[in-house]
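Here's a quick briefing to read alongside the model. Have the sequence and the 3D view open as you go.

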Amino acid sequence: MSIIKTIINKTCHSAVVIHKEQITPSTYHVRIKINGNSFKNYIPGQQLRIFVGIENIISLNDLVRTYSIWNYDEFRNEADLAICTFSNGQGAKWVKNLEPGNIIYFRGPEGKFTINPDADNHLFFGDISSLAHLYELNRHTGLSKTASGIVYSSSKTHYFDDIYPKRNFGFITASDNITDDIIAEITWNGIPKGNTTVYIAGETAFCVTLHNYFKKEHNFSAKQIKTKPFWHPDKKGLE
């Protein structure tokens, strides 16, 4: 065993894959059984950094990928992940070869792209790579809160339902001006009055443009806008 594998085995958390299913042409649903209590302080909206290249370490850039936690069942100590394969990179190769019974190693849960518990209204925007993350946030907004969102992709065949549907997101087929299309939808539907938080996730430029739109056009404060760039063109892995 290499030094890197030895360090990972001794310093990271582990889980066993108990379910794998391809739910769209571009996404796999993976459920894992957590070993130990690493999720005891889990906050919905956090993520895992999973070692996807441990069996065939080529470079450190191909060793770790970041995946959102789609759902966590604290009674069973099981977590669900939705893993996209658009890039066809190391993470995509890893999940295609993954089988029930395999052991995975990870760091986390961690991350700050979580629900603002003080908001009365929640708006979600992103692409398919962020859909599972936005679903997890959406399910934890609270029954007395209002929530809605829009996601986009090149085809609706990439869209998948939530594990425990609560509120549906609107869907838009991606265009060359997808941000303008989403802003048009926002203008048409209006923005809830009162205490509102916006969550924006997906490709970096999309996050920046929509963040600036809410800040400049609607005078949202920095505390009212949460952004999470999941990917950037030509950059390996998420984040």
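What percentage of the 239 residues of the protein count as buried? The figure is 50%. Keep in mind that this is a predicted model.

**Overall build**
- The protein has five helices and 12 strands. Its radius of gyration is 18 Å, close to the 18 Å that the globule rule gives for 239 residues, so the protein is as compact as a globular protein of that length.
- Along the principal axes, the C-alpha atoms fill a box of roughly 55 × 40 × 30 Å.
- Take the contacts with a separation of 6 or more: 68% of them come from residues 24 or more positions apart.

**α4 against α5**
- The axes of α4 (residues 178-189) and α5 (residues 204-217) come within 11 Å and cross at roughly 35°. The crossing is right-handed.
- On the α4 side, the contact is made by Thr179, Ile182, Ile183, Ile186 and Thr187; α5 brings in Phe206, Thr209, Leu210, Tyr213 and Phe214.
- Sort those contact residues by type and you get seven nonpolar, three polar and no charged.

**A covered helix**
- Helix α3 (residues 131-139) is mostly covered, with nine of its nine residues buried. Among them are Glu136 and Arg139, along with Leu131, Leu134 and Leu137.

**Serine 38**
- Look for serine 38 in the loop between β2 (27-35) and β3 (47-51).
- Serine 38 counts as buried because its relative accessibility is 16%, and the cut-off is under 20%.
- Leaving aside residues up to four places away in sequence, serine 38 touches His13, Phe106, Gly108 and Pro109.

Terms used:
Residues are numbered from 1 along each chain as its sequence is written. This is a predicted model: local features need pLDDT of at least 70, side-chain atom pairs count only at pLDDT 80 or more; totals for chains, interfaces and linings use all residues. Side-chain values use heavy atoms; hydrogens and water are left out. Helices (H or I, at least four residues) and strands (E, at least two) are DSSP runs, numbered from the N terminus. Buried means under 20% relative accessible area, exposed over 50%, partly exposed in between (1.4 Å probe, protein chains only). Contact means heavy atoms within 4.5 Å. Axes are lines fitted to C-alpha atoms, for helices over the stretch in contact, and angles run from 0 to 180 degrees between N-to-C directions. A crossing is left-handed if the near helix is turned anticlockwise from the far one by less than a right angle, and right-handed if clockwise. Ala, Val, Leu, Ile, Met, Phe, Trp, Tyr, Cys and Pro count as nonpolar, Asp, Glu, Lys and Arg as charged, and the others, Gly among them, as polar. The radius of gyration is taken over C-alpha atoms; the globule rule is 2.2 Å times the number of residues to the power 0.38.
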